[in-house]
Amino acid sequence: MAAISSSDIRWLNRAITQAEQAPHEQWRVGAVLVKGGSLLSVGFNRYRNDPSQVELAGVSYHAEAVAIRKAGFAEGATLYVARVTRSGELGSARPCARCQSLLEKHGVHTVVWTTPDGLLKQRARHLLLAV
């Protein structure tokens, strides 16, 4: 795991703000895509569905996918992902396997996400190895 910087905390706070806008009380997740210190896009989850359990038309729009879709590109970027629980605490926002594949496909370099105990930062391609 890489060290968390003050810049990481600033962008993660922005992801927390996005998560607070998500329509689901239990699954409020926000994402912020950044490259070279510049904001590329933001997003929050749109539906709470397990993509493996529903037809393609009903699949969730995870915050990570929304941010990448809005940006149109993500090569070399850092993605910040935050989850805010129903009680307002930070929860685990580690990208799911489907989102991890999406991050790798679009060239996201680093992912920083919230956990109940703090923050984690890892190169995106190493996420797939750890699943």
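**Reading a predicted α/β chain: a tutorial**

Tutor: From the N terminus on, the elements of this chain run α-β-β-α-β-β-α-β-β-α. That comes to four helices and six strands; helices (H or I, at least four residues) and strands (E, at least two) are DSSP runs, numbered from the N terminus. The model is predicted, so local features need pLDDT of at least 70 and side-chain atom pairs count only at pLDDT 80 or more, while totals for chains, interfaces and linings use all residues. Residues are numbered from 1 along each chain as its sequence is written, and side-chain values use heavy atoms, with hydrogens and water left out.

Student: How much of the chain is buried?

Tutor: Buried means under 20% relative accessible area, exposed over 50%, and partly exposed in between (1.4 Å probe, protein chains only). Here, buried residues make up 44% of the 131 residues.

Student: Let's start with helix 1. What span does helix 1 reach from its first C-alpha to its last?

Tutor: The expected span of a helix is 1.5 Å times one less than its number of residues. Helix 1 covers residues 6-19, 14 residues in total, and reaches 20 Å, close to the 20 Å expected.

Student: In which sense do strand 1 and strand 2 pair?

Tutor: Two strands pair if DSSP finds at least two bridges between them. Strand 1 and strand 2 pair in the antiparallel sense over six bridges; leucine 33, for instance, has serine 41 in strand 2 as its bridge partner. The two strands form a hairpin with two residues between them, and glycine 36 in the turn has a positive phi of about 60°.

Student: Which residues have the most contacts inside the largest nonpolar core?

Tutor: In soluble globular proteins, nonpolar side chains tend to be buried together. A nonpolar core is a set of buried Ala, Val, Leu, Ile, Met, Phe, Trp, Tyr and Cys residues joined through side-chain atoms within 4.5 Å. The largest one here has 17 residues, and those with the most contacts inside it are Leu33, Ile68, Leu79, Val81, Leu103, Val108 and Val111. Strand 1, helix 2 (63-71), strand 3 and strand 5 each give two or more residues to this core, and helix 2 gives the most, with four. Apart from it lies another core, of twelve residues, among them Trp11, Leu12, Ala15 and Val42.

Student: Where does valine 108 lie?

Tutor: In the loop between helix 3 (97-105) and strand 5. Valine 108 is buried, with a relative accessible area of 6%. Its C-alpha is separated by 5.0 Å from that of alanine 77, 31 residues apart along the chain.
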